[in-house]
Structure formats: C-alpha cells, structure tokens
Amino acid sequence: QLQLVESGGGLVQPGGSLRLSCAASGVAFDYATIGWFRQAPGKEREGVSCISSNGDNTNYVDSVKGRFAISRDNAKNTAYLQMNNLKPEDTAVYYCAAGGADSLAEYEYDYWGQGTQVTVSS
C-alpha cells in the first residue's frame, strides 16, 4: 500500500547540517502521518519527529527541538527532516515511517523505510 525510501544521510561534523528525504509510493501518502525515528547502537529506536497528513501539526522529541524541522510536500509524495546544529549524540540510523496517528510511539506506524545512516563526528 505504501513504500518508503530514505536518503540524504552521511558523515557530518558537529554543528553541521543534513536534510533527509523520505520518498513514498502508493495511494495513501496524503492521508498518512509521517514520522522520523532513529536508532543508535545499543539503544532502542526512538521517535524524533512527526507531521500530520496535511502538515498542520508537528511534534518533536525534546532533544531536537529548535534544531530539526520536519516538512512534507504531498504533491511530490515526499517528506523531509532538516537537521541543523548536529551533535554526536544524533548519530544513528534514521527511518521514516507512515501511520494513522500523530504520535512518536513506534507502534502507531505500519510502514517503514530501510533507514539511512547519519554519523556526526570530528
């Protein structure tokens, strides 16, 4: 029903920026909440940000507020995560996901991409 592919990850120095993209295919994108999650080695996957189907509502985990911005372009079936002032603790595999609720809870999401690696290091 909905397939998601992330891109834009890479290696960046502390204080740098990256923009992740989540390209979707399928008829349900316009109706889905899109979330970004991340998983660092040895840690559970955590919700980073989410955006409602029409873009009116956004949510962020406290650790990224003021640094990250989520957006979407439904005409392009694409969602984004702009990451500024990156810190070493942001290092993780980042996943986009689609679900039916505006939530950072992992279980609310039914469709997942394969992930893209973000490494923040000097």
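Mentor: The model is a predicted one, and a search of the whole structure finds one disulfide. The two cysteines are Cys-22 and Cys-96, with their sulfur atoms 2.2 Å apart. The angle about the S-S bond is 70°, and the link is right-handed. Cys-22 is buried, at a relative accessible area of 0%. Cys-96 is likewise buried, its relative accessible area being 0%.

Cys-50 needs a separate word. Its sulfur is 13 Å from the closest cysteine sulfur, that of Cys-96, which is too far for a bond. Cys-50 counts as buried, at 2% relative accessibility.

Take the Cys-22 side next. Strand E3 (residues 18–25) pairs with strand E8 (residues 78–83) in the antiparallel sense, over six bridges. Ala-23 has Thr-78 in E8 as its bridge partner. Both strands belong to an open sheet of four strands, in the order E1-E3-E8-E7, with antiparallel pairing. Strand E1 (3–7) and strand E7 (68–73) are at the edges with a single partner strand each, so one side of each has no neighbour in the sheet. On average, neighbouring strands in this sheet are turned by 15° against each other, direction ignored.

Five of the six residues of strand E5 (residues 46–51) are buried, so E5 is largely enclosed by the rest of the structure. E5 pairs with E4 in the antiparallel sense over five bridges, and the bridge partner of Arg-38 in E5 is Glu-46. E4 and E5 form a hairpin with six residues between them, and Gly-42 in the turn has a positive phi of about 80°. E5 also pairs with strand E6 (residues 58–60), in the antiparallel sense and over three bridges. Here Ser-49 has Tyr-60 in E6 as its bridge partner. The hairpin of E5 and E6 has six residues between the strands, and Gly-55 takes a positive phi near 85° there.

Arg-38 leads on to the charged side chains. The whole structure holds five salt bridges. One of them joins Asp-90 to Arg-38, with the closest N and O atoms 2.9 Å apart. This pair links distant parts of the chain, since Asp-90 is in the loop between E8 and E9 and Arg-38 is in strand E4, 52 residues apart. Asp-90 and Arg-38 are both buried. Another salt bridge is formed by the side chains of Arg-45 and Glu-106, at 2.8 Å from N to O. Arg-45 is in the loop between E4 and E5 and Glu-106 in the loop between E9 and E10, so this pair ties together parts that are 61 residues apart in sequence. Arg-45 counts as partly exposed at 26% relative accessibility, and Glu-106 counts as partly exposed at 33%. Lys-65 and Asp-62 also meet in a salt bridge, at 2.9 Å from N to O. Lys-65 is partly exposed, with a relative accessible area of 48%, whereas Asp-62 counts as exposed at 60%. Salt bridges that share partners join Arg-38, Glu-46, Arg-67 and Asp-90 into one network.

Arg-45 has a further contact: it lies over the face of Trp-112, at 4.1 Å from the ring centre. That brings in the aromatic residues, where a search of the whole structure finds three pairs. Phe-37 and Trp-112 form a tilted pair, 4.9 Å centre to centre and with 50° between the planes. Phe-37 lies in strand E4 (residues 33–39) and Trp-112 in strand E10 (residues 109–112), so the pair ties together parts that are 75 residues apart in sequence. The rings of Tyr-109 and Trp-112 have centres 6.3 Å apart and planes at 65°, so this pair is edge-to-face. Phe-37 is buried, with a relative accessible area of 0%, and Tyr-109 counts as buried at 5%. Trp-112, in contrast, is partly exposed, at 24%. Phe-37, Tyr-109 and Trp-112 form one aromatic cluster.

One more charge sits over a ring: the charged end of Arg-72 is over Phe-29, 4.6 Å from the ring centre.

Methods. Residues numbered from 1 in each chain as written. Heavy atoms only, no water. Phe/Tyr/Trp six-rings, centres within 6.5 Å; stacked < 30°, edge-to-face > 60°. Helix = DSSP H or I, 4+ residues; strand = E, 2+ residues; numbered from the N terminus. Buried < 20%, exposed > 50% of the residue type's maximum accessible area, 1.4 Å probe, protein only. Lys NZ or Arg CZ within 6 Å of the ring centre and 35° of its normal. Pairing = 2+ DSSP bridges. Axes fitted to C-alpha atoms, helices over the stretch in contact; angles between N-to-C directions. Disulfide = S-S within 2.5 Å. Salt bridge = Lys/Arg side-chain N within 4 Å of Asp/Glu carboxyl O.
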